[in-house]
Amino acid sequence: MRQPQRVETTSAEDKTPDAFAALGVVPPLCHALKAQGYSVPTPIQTRAIPELLQGRDLLGLAQTGTGKTAAFALPILQ
C-alpha cells in the first residue's frame, strides 16, 4: 500500500496534517486545492481517491454536489 505524503509548509496554521495529502494526493495538488479553499475531502473523495490512486476500478454513487468530479479528477491529474 502506498504511503500518504505530507505537505510541508512554514506557517503554524499549516502544520496540521493535510487531509488530502493523507489520502495520497501529491503536494502540488494539495497546494492548489488549499488555494481554492478546499481543506476537507467529502466522503466520496475520502473513499474513492486512495482506491483510484492504486489503479483500481471504481464505481461511485453520491448525490449531486458531493465532490464526485474531484474524486475522480484528482487521481487522473496526479
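The term pLDDT denotes the predictor's confidence in each residue, on a scale from 0 to 100. Across the protein chain the average pLDDT is 85, and 78% of the residues score at least 70. Among the helices, confidence is highest in helix α3 (residues 43–53), with a mean of 97, and lowest in helix α2 (residues 27–35), with a mean of 95. Where pLDDT is low, the predicted coordinates should not be read in detail.

Turning to the overall fold, the protein chain contains four helices and zero strands, giving the pattern α-α-α-α when read along the sequence. Of the contacts with a separation of 6 or more, 38% are accounted for by residues 24 or more positions apart.

The protein chain has 78 residues, of which 27% are buried.

At the level of side chains, the structure holds one salt bridge. This pairing joins E51 and R56, whose closest N and O atoms lie 2.7 Å apart. E51 counts as partly exposed because its relative accessibility is 28%, and R56 likewise counts as partly exposed, at 45% relative accessibility.

How values were computed. Residues numbered from 1 in each chain as written. Predicted model: local features only at pLDDT ≥ 70, side-chain atom pairs only at ≥ 80, totals over all residues. Heavy atoms only, no water. Salt bridge = Lys/Arg side-chain N within 4 Å of Asp/Glu carboxyl O. Buried < 20%, exposed > 50% of the residue type's maximum accessible area, 1.4 Å probe, protein only. Helix = DSSP H or I, 4+ residues; strand = E, 2+ residues; numbered from the N terminus. Contact = heavy atoms within 4.5 Å.
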